[in-house]
Amino acid sequence: MTTIEQVIVKEKRMTTSRWLRVLGWRHLVAIFSISFALFPLVWMASASFDQLGLVSAQKLIPDNIGLDNYRKIFNNPEAPYFIWYRNAVVISLANALLQMAIGACASYALSRFRFQGRKVTLLTILVVQMFPQLLSVTALFVLLAEINQSIPTLSFGSPLALIIIFAGGALGVNAWILKGFFDTIPTEIDESAKVDGASHAQIFFKIILPLALPALAVIVLLSFIGTMNEFVLTSVIMGVTGDPNDLTLAVGLQRFIDGQYDQQWGPFAAGALLAAIPVMLLFLFLQKYVVSGLTAGATKG
Amino acid sequence: MLKWTHKSPWILLKIFLLGALNSFTIWAVPILISNGSYVFAGYFIFATVVIDYVFLSKKRVAGKYIIPGVLLLIAFTIYPALFTGYIAFTNYSTGHILNKETAIEVLISNSYQSAADDSAYPARVATDNLTGEYVFIVQRPTGEITVARKESSATLPRSDVTLAEDGTIDSAIGFKLLSEDEIFAVSDVLSELSLQAGNDEFFKLVDIGIVERLIKTLEYDAEKDIITNTQTGEIYRPNDRGSMVSDSGEELEPGWQSTVGLYNFQRVIEDERYRAPMVQVLTWTFIFAFLVVLTTFFAGFLLALTLNHPKLKAKRIYRSILIVPYAMPGVLSMLTWRGMYNEDNGIINRIIGSELPWLSDPTLAKAAVLITQLWAGTPYMFLICTGAIQALSSEVIEAAQVDGASPSKIFWKIKLPLVLYSLTPLLIASYAYNFSNFNAIFLLTGGGPQIIESGGIAGHTDILISYTYRLAFTAGKGNDYGLASAVSFLNFAIIAIISVYGFRKSKSVENM
Amino acid sequence: MTRKRLGVLSAIATAALVMTGLTVPSQASTKSVLIWTDQQRSTGVRDASAAWAKSTGITVTVVVKDFGKMRDDLITAGPKGLGPDIVVGPHDWVGQLAASGALQPITSAQINRAAFVESTIKAFQYKGTLYGVPYNVENVALFVNKKLSPTAPATFAELEATWAKLKAAGTANVGLEIPKGDPYHHTPVFTALGGYVFGQGPTGWRVNDIGLYSKEFAANASKLDGMFASGLLSKSSNYDFVQWFNGKAPFMVTGPWNLEKVQKSGIDYMIAPVPAYAGKTAQPWIGVNGFMLSKFAKNKLTAQKYLREVVSTSDFQVAMFKIGDRMPAFKSAQADPAVVASKDFAAFGAYGASGIPMPNIPQMDKVWSDWGNAFTAVADGKATAAAAFKLASDNVKKAVG
């Protein structure tokens, strides 16, 4: 533990002025930011209770208040909300963990080993994900259509295919975030472990990864959110089969608003707001890792 | 002899995974090859060999960590990018989706037209007992019975058939009549089968027991590669854009996919509709991307610092709430913001008591886009910075504090540079992302308000990608993927060059 | 060495394991029909096909697709063997689908064309060939809030007078609510002022005759400016029709898709034609929905059977009317007591009779954005209608040419 934290912990009670100086303004900033962050959500929430689903009515309490929109998403065999929910959470979690694993391994190599082609790899990773994604879905469709002829189980309608394709994006910005973080871990720590006879795997699993927990937690969360909201690719892979039970939340909910003129924003808003819950829960859970970072690890290591 | 050690489970796991991969490849490659997917088969083999080599070798330590990710990157990120690049050199678009062979098949098959208004006849599908070929045995209204074959048609003597009670054919000498279920079993063949009806006319199956007398209006000559209209005598020849065209310029639909060289790029560069507003659009694209990164980064960083205090008990709740905007689907958030900006009944104007035309005034619309992105993008930066701050060495900061450095000095001279240092590549990536942030513009303002002075095609908030995609997807006959790919490619070229330049400039490359 | 040998052994062992899990599923039987629809129609199509499926033993599989992606998916997925046999959609898809070779023509022996309302068959024809079996018709009309305007306006002048009165009394914020910048909903007003999109020739749409800035419209353009200036039309309207639903607008232009919402809102309403402007009829676009047969259908024969024996029947079209709230395309279905009894549909249908089928040619896709921009520019007061529509007309001419 570093000293500053201990000093603060030792003080039993703060004076009001000190509380204001140290913590009060932080609460103020936080509350202000939260108001800004939640402000649009208030209107989404109000639209979700509006039987007419008028997002732009901008009335805090809608004229036609009711639970119709929630009923529409909860009891509708064509739109099995809870199955979508489960699919989305399972796929997103699996993807987040896989992305983290692949990203952490690659970043370890990029941060700790000097091998041929390292700089090229780093630059490629940076540059290649700048390619506008909107069209790559055409390419992936063609690719999957070809795989579908030979290995249908690994193609349309397969969550496994979806996760594998997502994993192709693991070496992207995430790898850079992790590598940046690994770089800040002093190399002396693993040098000395090496002298003690630790293998590269031991250094990776026992030293680097525990120290990098905050960054890993961030990556998991980012990937999780990204997958939860991913629409284009998921709809191509999971939407082709036409089984509503295959869909995720982002793809399923879209169906409420993809009519030509009759877009049902009410149920969409209801469904989307509820979809934020797992994200918040996951982050609440991950936060103990976010703060348990370098300092905590360093005393052990 | 093998000895069980603490490492053994890991070795077993490794062998199992490698074995699974190898056997999968051994199983999959022949199937892929038999279906003609040579590229994929090749890639499977390549990937498997590389992985085997790296993981069975004692030396390639770095490879063990990075190769799986790289192989996936090549397959699912680089390959699609290259494919898009390839599409940019083709005419892939509405009307040019099929390959030439299929397109011509479709042209010919769609050219059958009813010979008369009432040309549906009762008929049975049968197989010839001698040759085994499919025939239609058709009852013409005249009572004549015709056997239609692939190459010829003939009249069947009335005495050769027996009729059922409902007047349909029950049996025919020399033929085996197919039952309904037998027809369904081969319906994919039968539904496309056109057999000779005599007089250059054909029979096609409409339903079980019904055929239609048709004339074929187009004829394809494979040797000369021309299509002739049998009714008008018009001749259609292939042009170099993947279509059959007559001398008078009439084009047959569908055309086919073909490579068109630099045609798509040429269109982007030479077309006045792209060129006229280009300077204005590019300028705004740069400003937009820069301001979004700047504002979201500072907001996120300051928030992260503010909430990163050990005694701040509520911080976990605060943080969890702060990321919610990032978890909202873009379509919904943007629609909500659009409602909030509404000039008459939007909440923003109601709160500030104004009647600002948020989305129709050029300056205000730009501000609106930036405010919305500040809302949507800050959580991301906040998360990243929260992670990065944990990496700040507290010794350095303590030392500065002991030296009597002021908090603002610590922020500007120590914390910010340290975080910036580790996040530079990320900020560049974020810049590139926003450079092509189609949804941020498209869903909120649709690019508008339009720039009337330059012809009204681009809008004041249009960024390069939103404006060029709109043209590509409303040009030609519908979706022009070839043109859109060319546009993507140019967009990518610009941002990649800037990024790599900025990256080298920032010296991160030397330290990486 | 031991390590390598182990690797090989495990490879063989797992090969068997893996292969059992990855067997190719058998092909679907051809005694089935696969139909793509959007979510809204899916239950209706499924239910209305059930009896036929039972009696023929043919399986009808209805797959829900995103409406916005269905057309492009059929074009790209069809030739790869991943498409349906039949797709349910609006007639203005036909041009792009047929031009891409995605549709199978419907020949005259397949359905009895005379049993359908003629205009619905015409709507599904592209370059003289029929590419779909129509089942219902939809168009926008004027929704009147009876509390604000007890009667439907017979002329546009009357509509404007009602608005002037309500505005003076402060009881309404907008006169005629139409989503800003949306050309589809503005079409009745636009045609009443003398504008059109493509001219019509004997063989179909004349692509070179663009009427966005026709002579007649040019003469009337200032009237459109006037409508925005007086507040009759609003620059802040959108698809939510907030003012109308809040009782602050006497009229709105929308289609049957909003009926459910209107009924839920409890507003006392009636449906009427958008009134003529100085004698010139306000023509809406007519959208016809129908069943199209994929060129790459795996079960073409059963699909053709389905189109003949299910879609082309009065029972089916009446059943679809009951869930879809649109006027059937089948003549005898239009006379069905259930259809006749619905006064909302009578009103929609009566007005629809004066409409024009939306052009189904692929070039139509090039018109929407420039045309919409013109409406937006006028609404925002950025340009006069004359300038904005001249610009749009020029741009469309360039894009089409």
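Which residue forms a salt bridge with C:R71? The partner is C:D365, and the closest N and O atoms of the pair are 3.5 Å apart. A salt bridge here is a side-chain nitrogen of Lys or Arg within 4 Å of a carboxyl oxygen of Asp or Glu. C:R71 lies in helix α3 (residues 67-77) of chain C and C:D365 in the loop between β15 (356-357) and α16 (367-379), so the pair ties together parts that are 294 residues apart in sequence. With a relative accessible area of 15%, C:R71 is buried. Buried means under 20% relative accessible area, exposed over 50%, and partly exposed in between (1.4 Å probe, protein chains only). Helices (H or I, at least four residues) and strands (E, at least two) are DSSP runs, numbered from the N terminus.

This is a predicted model, in which local features need pLDDT of at least 70 and side-chain atom pairs count only at pLDDT 80 or more, while totals for chains, interfaces and linings use all residues. Residues are numbered from 1 along each chain as its sequence is written, chains are lettered from A and ligands numbered from 1 in the order in which they are written, and side-chain values use heavy atoms, with hydrogens and water left out.

## Salt bridges

Side chains of opposite charge can pair when their charged atoms come close. Over all chains, the structure holds 32 salt bridges. Four of them are listed here.

| Pair | Closest N to O distance |
|---|---|
| B:K100 and B:D225 | 2.7 Å |
| C:R71 and C:D365 | 3.5 Å |
| A:D68 and C:K264 | 3.1 Å |

B:K100 forms a salt bridge with B:D225. B:K100 lies in helix α4 (residues 100-110) of chain B and B:D225 in the loop between β12 (218-221) and β13 (226-229), so this pair ties together parts that are 125 residues apart in sequence. B:K100 counts as partly exposed at 27% relative accessibility, whereas B:D225 counts as buried at 18%.

A:D68 and A:R71 are 3 residues apart in helix α3 (residues 68-74) of chain A, a separation of about one helical turn. A:R71 is partly exposed, at 46% relative accessibility.

C:R71, in turn, is paired with C:D365. Elsewhere, salt bridges that share partners join A:D68, A:R71, A:K72, C:E260 and C:K264 into one network.

## Chain C against chain A

The contact (heavy atoms within 4.5 Å) involves 33 residues of chain C and 38 residues of chain A. About 3,200 Å² is buried between these chains, of which carbon and sulfur atoms give 52%. Buried area is the accessible area (1.4 Å probe) that two parts lose on being put together, summed over both. In chain C, the residues that lose the most area to chain A are C:Q39, C:L82 and C:K264, together 20% of what that side buries.

Between chain C and chain A there are 3 salt bridges, and A:D68 with C:K264 forms a salt bridge across these chains. The count of residue pairs in polar contact is 5 (both at pLDDT 80 or more). A polar contact is a pair of N or O atoms within 3.5 Å; within protein, one must be able to donate a hydrogen and the other to accept it, and residues adjacent in sequence count only if both atoms are side-chain atoms. The side of chain C that touches chain A divides into 13 nonpolar, 10 polar and 10 charged residues. Ala, Val, Leu, Ile, Met, Phe, Trp, Tyr, Cys and Pro count as nonpolar, Asp, Glu, Lys and Arg as charged, and the others, Gly among them, as polar.

## Chain B against chain A

Here 105 residues from chain B meet 104 residues from chain A. The two chains bury about 9,500 Å² between them, 79% of it on carbon and sulfur atoms. Helix α3 (residues 61-87) of chain B gives the largest share of the chain B side, 18 residues. That side consists of 70 nonpolar, 26 polar and 9 charged residues.

## Nonpolar cores

A nonpolar core is a set of buried Ala, Val, Leu, Ile, Met, Phe, Trp, Tyr and Cys residues joined through side-chain atoms within 4.5 Å. The largest has 207 residues, and those with the most contacts inside it are A:L249, B:F288, B:F297 and B:F301. Helix α14 (residues 362-390) of chain B supplies the largest share of this core, 14 residues.
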